[in-house]
Amino acid sequence: MHDLETLNKGGYASTTHLKLTCPLPSGLPPAILTLGTTLTHLDLSGTGLSSLPSEFGVSLPNLRILFLSSNNFSTFPSVLSQCPSLEMIAFRSNKMTYIPEGALPIKTLRWLILTDNQISTLPEDLGKCEKLEKCMLAGNQLSSLPASMVSNKNLALLRLSANRFETLPEWLFELPKLAFLSFAGNPCVEKQTRAATAKAGTRFDLERIEWKNLEVQETLGEGASGVISRGLWKQSAEYAEEVAIKVFKGGVTSDGTPRDEMAAVLAAGFHEGLITVLGRVVGHPDEEVVEGAAAAAAAAAEEGEEEEKKKEKKKSFQGGIVMQLIPEYYAALGLPPSFDTCSRDCFPEEASLSAAEALGMLTGIAGAAAHLHQRGIAHGDLYAHNILASKADRHALLGDFGAATIYGTEEEVYAGMEKLEVLAFAHLLEDVLGLIRREKEKKKSTQTPEAETAVVVAADAAPSPAFRDSSELTQEEEEAIVQGLEKLQKQCADPQVNSRPSFEDIAVELEDLVGFRGMMRIPIPNLN
């Protein structure tokens with residue numbers, strides 16, 4: 001965090017990163033334009049800016065990342081096309097309505113964030129952005145995409161949720177690198193979402209859990225779509241079960257809306273590779289919503305500002321669910337993408353997996369993905385950082401349905417949706433193979449000559465049962481697993497989208513490598 005006074009006095013002359021949060025009623029401080037030789041990252045979100053000076057681009061030739069979210073830009077500033085190094089642009093929540101042709105830095109743009117605006121059309125220039133990899137457009141008024149976007153061959157992630165699409169172009173499902181797509185909350189999937197939600201409401205295994213029977217304890221995690229807390233579900237005077245409670249809140253996120261996320265979670269049903277939903281919360285104190293601006297204004301006048309804040313809180317409540325509490329030894333398999341990796345996950349330097357651990361986790365995730373697509377649900381965010389994994393149990397759980405789309409099983413135009421997500425699994429396979437290589441390097445660096453001899457002898461032994469301790473696997477067995485995963489990764493990454501295997505086929509391939517099918521790994525609630 002930086003301050004305006006120090007900036008104006010020349011105190012940040014050699015800085016590479018600058019972030020101001022104070023109001024800037026007079027516009028962009030001229031002192032920022034003097035930082036051109038070093039400045040690469042500029043964040044002026046929430047400062048009230050509505051325009052940029054004409055010399056902005058030429059004055060900041062090294063600027064790579066620009067955040068201007070939560071400001072007052074109604075029009076995308078054309079001056080940004082003059083920024084020769086600009087790779088990432090964020091204009092979230094600006095009430096923006098218009099992007100002129102020629103406004104985008106088409107030669108350098110990799111990551112564009114326009115979430116939660118009022119944009120109804122996109123410029124044809126977007127298709128000229130050959131390096132565009134990540135495009136966030138949720139929460140706008142779009143009903144079509146520029147035909148030129150068929151040329152965005154490097155596009156890996158696209159968010160279209162909460163817009164006005166009646167249909168999506170067929171070429172979208174043929175883009176060779178598109179792996180993460182979401183379009184929930186659009187008219188084109190309204191029927192499918194409504195049907196899946198109604199079906200979920202009749203699930204015999206899904207309880208209606210009264211809020212008064214829940215005891216909320218410490219917060220386990222908080223994201224744009226809600227808060228997850230540890231808690232107790234008091235099922236009787238004598239018995240209470242430890243659970244996780246998620247309360248959905250707020251409006252549009254970068255992936256979509258909390259309401260659509262909850263619909264997908266409930267429609268997903270049960271699978272050993274998914275976090276089990278035990279019930280839906282009813283009777284929450286914020287469940288009632290004040291309807292209409294007149295009613296809200298009357299409430300504010302009669303009940304005062306504090307009461308109006310309570311009403312606003314009620315409006316933000318989007319529902320709640322109760323889930324199984326995941327053991328603490330489960331941890332995220334990866335870290336979210338960085339500015340540099342853009343659409344690919346990061347991993348701690350010390351992270352590694354044995355071949356057996358990796359195979360067990362991948363088998364479960366592939367099975368979970370197959371289960372979802374059989375129900376016409378795309379996860380939309382199949383990343384390692386959304387997977388909770390236990391190395392000890394060789395088991396993984398796919399979570400975070402914020403980008404999920406219920407696309408149904410009847411619309412032919414969405415038939416390619418599964419094959420797009422298979423590419424996301426290919427990326428996961430590639431990342432996991434990297435973790436296996438790390439594990440092998442660790443073993444080599446700590447192995448004694450005696451141990452090396454023992455491994456050579458073991459390689460001649462008879463094949464062992466799958467999933468015994470990984471240290472007992474022979475070199476031949478480990479190499480067979482790695483070769484099998486490498487072959488599968490290439491198949492899943494086929495640039496011809498229709499040539500990729502289905503998740504059902506992937507699960508079968510992995511199960512054949514494992515040597516078993518359908519093994520349950522964590523306690524499953526009694527649903528009878």
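Predicted model: local features only at pLDDT ≥ 70, side-chain atom pairs only at ≥ 80, totals over all residues.
Strand S17 covers residues 387-390, and four bridges join S17 to S18, with the two strands running antiparallel. Strands of a sheet pair through backbone hydrogen bonds, and they can do so in a parallel or an antiparallel way.

S17 and S18 belong to an open sheet of three strands, in the order S15-S17-S18, with antiparallel pairing. Strand S15 (331-332) and strand S18 (395-398) stand at the edges with a single partner strand each, so one side of each has no neighbour in the sheet. Helix H6 lies across S17 and S18, and it runs at about 30° to S18.

## Two helices side by side

H6 (residues 355-374) also meets another helix, H7 (residues 417-446): their axes come within 11 Å and cross at roughly 170°. Angles over 145 degrees count as roughly antiparallel, and therefore H6 and H7 are roughly antiparallel to each other.

Who does the touching? On the H6 side, the contact is made by Ala355, Ala358, Leu362, Ile365, Ala366 and His373. On the H7 side, the residues include Met417, Phe425, Leu428 and Ile436. Sort the residues of this contact by type and you get eleven nonpolar, one polar and two charged.

## A hairpin and its next neighbour

A hairpin of five residues takes the chain from S11 to S12. To find your way around this pair, look for Arg230, which stands opposite Ala244 in S12.

S12 has another partner too: it pairs with strand S14 (residues 317-324), again in the antiparallel sense, over seven bridges. Here the landmark is Val247, which sits opposite Gly320 in S14. While you're looking at strands, remember that in a regular strand the side chains alternate between the two faces of the sheet.

## Leu214: buried or exposed?

Leu214 is found in strand S10 (residues 214-223). With a relative accessible area of 10%, Leu214 is buried, because the cut-off for buried is under 20%.

So what does Leu214 touch? Leaving aside neighbours within four places in sequence, Leu214 is in contact with Ile209, Leu232, Trp233, Ile245, Val281 and Val322.

## A buried residue in a loop

Asp125 lies in the loop between strand S5 (111-113) and strand S6 (134-136). Its relative accessibility is 10%, so Asp125 counts as buried. Not counting residues up to four places away in sequence, Asp125 touches Glu101, Gly102, Ala103, Leu104 and Ile106.

## Rings that pair up

The structure holds ten aromatic pairs. In one of them, the rings of Phe76 and Phe91 have their centres 5.2 Å apart and their planes at 55°, so this pair is tilted. Phe76 is in the loop between strand S3 (65-67) and strand S4 (88-90), while Phe91 is in the loop between S4 and S5, so the pair links distant parts of the chain, 15 residues apart. Both Phe76 and Phe91 are buried.

Rings can also join into a group: ring pairs link Phe67, Trp111 and Phe339 into a cluster.

Definitions and conventions:
Residues numbered from 1 in each chain as written. Heavy atoms only, no water. Axes fitted to C-alpha atoms, helices over the stretch in contact; angles between N-to-C directions. Parallel < 35°, antiparallel > 145°, perpendicular 65-115°, else oblique. Contact = heavy atoms within 4.5 Å. Nonpolar A, V, L, I, M, F, W, Y, C, P; charged D, E, K, R; others polar. Buried < 20%, exposed > 50% of the residue type's maximum accessible area, 1.4 Å probe, protein only. Pairing = 2+ DSSP bridges. Phe/Tyr/Trp six-rings, centres within 6.5 Å; stacked < 30°, edge-to-face > 60°.
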